[in-house]
Amino acid sequence: MDAGDIGQMNRMKFATTLREPSELVAQGLAPPADLADLERIASRYAVAITPELAALIDPNDPSDPIARQFVPSRDELSVDKSESADPIGDHAFSPVPGIVHRYPDRLLLKLVHVCAVYCRFCFRREMVGPGKDSALSEDAYASALNYIRTHPEIWEVILTGGDPLMLSPRRLAQVMSDLAAIDHVRIIRIHTRVPVADPSRISEDMVRALKVDRATVWVALHANHARELTVRAREAVARLVAAGIPMVSQSVLLRGVNDSVAALEELMRAFVECRIKPYYLHHGDLAPGTAHLRTTLVHGQTLMAALRGRVSGLCQPQYVLDIPGGAGKAPVGPNYLRSENSSVTERDAGQETRYRVTDYCGEVHFYPPRP
Ligand code: SF4
């Protein structure tokens, strides 16, 4: 029996998406003693684990990296004072419902507030899930489109949410066509977890809905552990790529999930094998009750430096921090270049100075080699 057969057997154990803590306990995915606490957590932050992902969890492994991402934990009851309900400042940059316009040439369009699975570390955990805001109303959608239409600087629209691939292919086709009809919108990027959470949703109809003539469509896949890229997930990705849709990845650096060089290496290699270019590795955001899943920035930098020595440039994501409050993303990876002369000023920038450059083994060299 191969891994695909075992995955199929495990999937059959889970007929439907697990949404209640009592179901998690019944399936052996959470301890019975935690039930009351998990119910408190679930009343605030949505729970959903699709059969595809539930089948990947080893219930006998208390530190299973898939379970850590989706099974609620009592640790979520501890909220750190640095954490916030809107950690990356979406609200401050939302001129009309559904739009977050933070950078000059691009904006987010949040069409739905539901996802196939709910990640325990989600930075929008206060905004997503059943009972939170639902899909944009027709009027709100029309206002959002009008905002995009009247801002000619918008070159790229990023569909996020919630997960835009939770929409029906018919609705999605309409949205894609509405956006592509706006002359200055040249790129439509879709952020999704659906190809790993529920690969069967990436049907021929869904792929067809994503194809538009007048704009280039990119899909960014969110996955954090190589095990998420199952045979079926890889087939779903292949359907998108075969249709001519380029893909990039985004992952979150998570303690106990992928905070080792080996786990990151395996994940990044898996993306590239699937024809997905690693794009972002996000430092964990300060979402409420998520401290147990965050690493330190120093640890993230150490991992990135180690990754550089081990895997091809194709497999290197950019390690980024979303600055709390809405100031946007900043690259926070290790610094390989230091000036010999720390007093170099803008005025001197036209003249070459001398630098210390660190190679992938950690050895320091001078550039230029001789003064
Ligand atoms: S899929 Fe994205 S929006 Fe949905 S819960 Fe996970 S991180 Fe949050």
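**Exercise 1: the chain as a whole**

The chain has 12 helices and 12 strands (DSSP runs numbered from the N terminus: helices are H or I with at least four residues, strands E with at least two). The model is predicted, so local features need pLDDT of at least 70 and side-chain atom pairs count only at pLDDT 80 or more, while totals for chains, interfaces and linings use all residues. Residues are numbered from 1 along each chain as its sequence is written, and side-chain values use heavy atoms, with hydrogens and water left out.

Task. State how the radius of gyration of the chain relates to that of a compact globule.

Solution. 
1. The radius is taken over C-alpha atoms, and the globule rule is 2.2 Å times the number of residues to the power 0.38.
2. For 371 residues the rule gives a radius near 21 Å; the chain has 22 Å, which agrees.
3. The C-alpha atoms fill a box of roughly 70 × 50 × 45 Å along the principal axes.
4. Of the 371 residues, 50% count as buried (buried is under 20% relative accessible area, exposed over 50%, partly exposed in between, with a 1.4 Å probe and protein chains only).
5. Among contacts (heavy atoms within 4.5 Å) between residues at least 6 apart in sequence, 74% join residues at least 24 apart.

**Exercise 2: helix 3**

Task. Determine why the buried residues of helix 3 line one face of the helix.

Solution. 
1. In helix 3 (residues 35-44), the buried residues are D37, L38 and I41.
2. Viewed down the helix axis, these residues of helix 3 fall within an arc of 95 degrees, so they line one face; the arc is that of the directions from the helix axis to the C-beta atoms.
3. A36, R40 and S43 are exposed on the other side of helix 3.
4. The buried residues of helix 3 pack against helix 2 (21-26).

**Exercise 3: two residues**

Task. Decide whether I158 counts as buried or exposed, and do likewise for H113.

Solution. 
1. I158 belongs to strand 3 (residues 156-160).
2. Its relative accessibility is 5%, so I158 counts as buried.
3. Leaving aside residues up to four places away in sequence, I158 touches R106, L107, L108, L109, R189 and H191.
4. H113 lies in the loop between strand 2 (106-110) and helix 6 (138-149).
5. H113 has a relative accessible area of 10% and is therefore buried.
6. With residues up to four places away in sequence not counted, the residues that H113 touches include Y118, M127 and G162.
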